[in-house]
Amino acid sequence: MSTTERTMTRTLSVTRKGNVRLFADVIASAADWSKTVLRALRNRRALTHICELEDHQLFDIGLTRLEVERAMSQSGLLQDPHALLPPHARLRGRRAPWGQSRP
């Protein structure tokens, strides 16, 4: 086998591995994007249910109607409205009631 043939074989091998890695990266990016969109849609649906609560119920969970409506109106269809809620409300949702920690 000549030097040229060995070089060509190595080049083709590297190119195929590069194509596989590129394909894997594209698939991973698509999966991440789809997870983000699904999370945004799920949070939008949850916020829609929160909009149906009465004012005193919103007050109990630390929100006002204005904050909820602003988050819904300022976020796009595929954007997560949860990110537009005030930080104190987002952090409250991460804590378990009665001081219990989540697993």
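Biologist: In which helix does Leu38 lie?

Modeller: Leu38 lies in helix H1; helices are DSSP runs of H or I with at least four residues, strands are runs of E with at least two, and both are numbered from the N terminus. This is a predicted model, in which local features need pLDDT of at least 70 and side-chain atom pairs count only at pLDDT 80 or more, while totals for chains, interfaces and linings use all residues. Residues are numbered from 1 along each chain as its sequence is written, and side-chain values use heavy atoms, with hydrogens and water left out.

Biologist: Is Leu38 buried or exposed?

Modeller: Leu38 is exposed, its relative accessible area being 56%. Buried means under 20% relative accessible area, exposed over 50%, and partly exposed in between (1.4 Å probe, protein chains only).

Biologist: What about Arg44, and where is its nearest side chain of opposite charge?

Modeller: Arg44 also has its place in helix H1, residues 3-51. Arg44 is buried without a salt bridge, and the nearest side chain of opposite charge, Asp80, is 7.7 Å away. Lys and Arg count as positive and Asp and Glu as negative, with His and the chain ends not counted. A salt bridge requires a side-chain nitrogen of Lys or Arg within 4 Å of a carboxyl oxygen of Asp or Glu.

Biologist: Which residues is Arg44 in contact with, then?

Modeller: Leaving aside neighbours within four places in sequence, Arg44 is in contact (heavy atoms within 4.5 Å) with Met72, Ser75, Gly76, Leu77, Gln79 and Pro81. With Ser75 there is a side-chain to side-chain polar contact at 2.6 Å. A polar contact is a pair of N or O atoms within 3.5 Å; within protein, one must be able to donate a hydrogen and the other to accept it, and residues adjacent in sequence count only if both atoms are side-chain atoms.

Biologist: New topic: how many salt bridges does a search of the whole structure find?

Modeller: The search finds 1 salt bridge. Arg65 forms a salt bridge with Asp55, and the closest N and O atoms are 2.8 Å apart. This pair links distant parts of the chain, with Arg65 in helix H3 (residues 65-74) and Asp55 in helix H2 (residues 55-60), 10 residues apart.

Biologist: How exposed is Arg65?

Modeller: Arg65 is partly exposed, at 25% relative accessible area, whereas Asp55 is exposed, at 51%.

Biologist: And how many helices and strands does the protein have?

Modeller: The protein has 4 helices and 0 strands. Of its 103 residues, 17% count as buried.
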